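Let's take a friendly walk through this chain together. Have the viewer open and follow along as we go from one spot to the next.

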Amino acid sequence: MKKADNKDEKLNMNLSWKILDETTVIKDSWIDMRASTCQLPGGMVIAPFYVNHLPDFAVVVAVTPEHRVIMVRQYRHGVEKVLLELPAGCIEAGEDPKDGAARELLEETGYKAGSLEFLFKIAPNASNCTSYAQCYLARNVFPAAAQNLDETEALEVVELEGEEVKRLLREGGVEQAVHVAALYRAAELGALG
């Protein structure tokens, strides 16, 4: 086992870029963009290479006991349209990802999970963003409170039959890549019915 670890370490070192310099380009509550001067394994230098340093975020596949999936519709300015998505949001500094998932589900939809299980951690844009999506499956969800949205959020809660969600997945009706992956994993686990 030790040899494999050393071999993997050596391989990673041979493939890793070396950061020679890094400067913050812009930093506010929405973005932490940094420009790096990077040396590639072969010696070539890339400058600038931009990376957005963002916190991890939680994505929740929320399913009722009747296999109905709680989703949201909200406008996404990057693609300039309203998308059908899963409840999701940033994990706060120092917050356990599972707690963040439960909090985001409750804030965005008013639903609470009977149980919450980890699905996977995935890098949605590993080429130039530091954040990971922490994906969870919330089973036996139930309405527990009113929505508690941030002032920048405007979203509609939608409850769909599991079979309808599977059809939307097949037809491209869910466009957020991480959300698609989480829904397919939940379907593999039989959570969508």
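For background, most peptide bonds are trans, and most residues other than glycine have a negative phi.

Before going on, please note that this is a predicted model, in which local features need pLDDT of at least 70 and side-chain atom pairs count only at pLDDT 80 or more, while totals for chains, interfaces and linings use all residues. Residues are numbered from 1 along each chain as its sequence is written, and side-chain values use heavy atoms, with hydrogens and water left out.

Strand β3 covers residues 45–52, and Asn52 belongs to it. Is Asn52 buried or exposed? Its relative accessible area is 12%, so Asn52 is buried (buried means under 20% relative accessible area, exposed over 50%, partly exposed in between, with a 1.4 Å probe and protein chains only).

Leaving aside residues up to four places away in sequence, Asn52 touches Ile31, Asp32, Met33, Asn128, Cys129 and Thr130, where contact means heavy atoms within 4.5 Å. With Asp32 there is also a 3.1 Å distance between its backbone nitrogen and a polar atom of the Asn52 side chain.

## The annotated domain

UniProt, in an unreviewed entry, places the feature "domain: Nudix hydrolase" at residues 52–182. UniProt positions are given in the numbering used here, feature names are shortened, and annotations may be inferred rather than shown by experiment. Over residues 52–182 the chain is 22% helix and 39% strand, and the end C-alpha atoms of that stretch are 23 Å apart.

## Two residues with positive phi

Which loop holds Glu80? Glu80 sits between β5 (68–76) and β6 (81–85). Its phi is near 55°, a positive value in a residue other than glycine, and Glu80 counts as exposed because its relative accessibility is 57%.

Asn140, in the loop between β10 (133–139) and β11 (142–143), also has a phi near 55°. With a relative accessible area of 41%, Asn140 is partly exposed.

Leu83 lies in strand β6 and counts as buried at 7% relative accessibility. Not counting residues up to four places away in sequence, Leu83 touches Val72, Arg73, Gln74, Arg76, Glu175 and Gln176. Leu83 and Gly172 are 89 residues apart in sequence and 11 Å apart in space, C-alpha to C-alpha.

Now turn to Gly42, in the loop between β2 (32–39) and β3. Gly42 is exposed, with a relative accessible area of 80%. From Gly42 to Gly114 there are 72 residues in sequence and 52 Å in space, C-alpha to C-alpha.

## The whole chain

Zooming out, the chain has 4 helices and 12 strands, and its C-alpha trace spans about 55 × 45 × 35 Å along its principal axes. Of the 193 residues, 35% are buried. Among contacts between residues at least 6 apart in sequence, 60% join residues at least 24 apart.

Terms used. A polar contact is a pair of N or O atoms within 3.5 Å; within protein, one must be able to donate a hydrogen and the other to accept it, and residues adjacent in sequence count only if both atoms are side-chain atoms.
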